[in-house]
Structure formats: C-alpha cells, structure tokens
Amino acid sequence: MSEPIVLLLSGPNLNLLGQRDPEVYGAQTLQEHQATAEKAAAAHGLTLEHQQSNHEGELVEAIHAARGRCAAIVINPGAFTHYAWAIHDALATFEGPIIELHLSNPAAREPWRHTSVVAPVASGTVAGFGALGYRLALDATAALLKQ
Ligand code: DQA
C-alpha cells in the first residue's frame, strides 16, 4: 500500500525565504523547510509533496487537485492568509486535516495580520515557531491522521 500523501502548500513571497526579512522569518530557505518537512513526514510514514505559488488561483487549483488524492494539507498561505476567501472556500471542500502554518506569529504583528480567513477551515494553526514549525506541523498532521 502506498504511503498517505501530505501536501505542503507555500504562498506568495515564501520563495524568497532566506533573503526576505530574515529577522522576522529566519535565515533558512524554503528548500530547507521543505527538506525538514519531508524528513518529518517520512518519520511518520507519510509522503510529502510541496508546491509554492505566488498566485492565488494556482493555490486554489492545487487544493482542488489534492481532493481525494492527499490525506492532509499543510498550508502557509503567506499574505493570502489575511484576505483570500477563494483559498478559504477551496480548503472548505477538502475532506482531510488542514494545518495552517506560519513562521512568524501574525497575532503579535500588525493589526491587518490578526485576521486569518484560513483559520475557520483549518484543523489547527502552528505559528511563531520559525523553522521548527515545519516539524511541528507534520507531527500534528500525523497525529490527526491517526485519530
Ligand atoms: C507568514 C505571515 C504572513 O502575515 C506574511 O504575509 C507571510 C508569511 C508567516 O509565515 O509568518 O508572507 O505567513
């Protein structure tokens, strides 16, 4: 039997991690976070797929393509977190666990980051733990899939 697939989705500007505001987001690149997530997934008998996009519609389509194929979604929607209702609606059609992931803690930042339109359709949120969040999100995903 093949391993359950976890889709890791990365939103806009996360391709610039490592160069972008390292004091807020850390020094690691997205590729390094992906490698951390892959390792954590493998330790739980899960296969990780990763997709990054700067385009809302591409993320919506990736969520659609995950329906019936992936067991769970871990998503760092970047700034789409705060206003992209199309991503909210797409995630609402996904049957498995959804983990919202942020490197920083948006609740401790500017007021416009305090709203998440993803949170109402997420199983839970991992935020503010920097690079560690990728492992925590995969651990949480595995725990939810075991339930
Ligand atoms: C982020 C937080 C968002 O507010 C921001 O727009 C990002 C990154 C995070 O990982 O901390 O692009 O999602």
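**Notes on the ligand pocket**

1. The largest pocket holds about 160 Å³ of space, a volume filled by probe spheres set on grid points joined across faces, edges and corners. Closest to its centre, among 16 lining residues, are Y25, G78, A79, R109 and R113. A pocket here is an open set of points on a 1 Å grid over the protein atoms alone, where a 1.4 Å probe fits, with protein on both sides within 12 Å along at least five of seven lines; lining residues have an atom within 4 Å of a point.

2. A word on the source: this is a predicted model, where local features need pLDDT of at least 70 and side-chain atom pairs count only at pLDDT 80 or more, while totals for chains, interfaces and linings use all residues. Residues are numbered from 1 along each chain, and side-chain values use heavy atoms, leaving out hydrogens and water.

3. The ligand sits in this largest pocket, with more than half of its atoms within 2 Å of the grid points. Residues around the ligand (a heavy atom within 4 Å) include N76, H82 and H102.

4. Now the polar contacts (N or O pairs within 3.5 Å). Ligand oxygen atoms lie 2.6 Å from a polar side-chain atom of S104, 2.8 Å from a backbone N or O atom of L103 and 3.1 Å from a side-chain N or O atom of R20.

Conventions. Polar contact = N/O pair within 3.5 Å; in protein donor to acceptor, adjacent residues only side chain to side chain.
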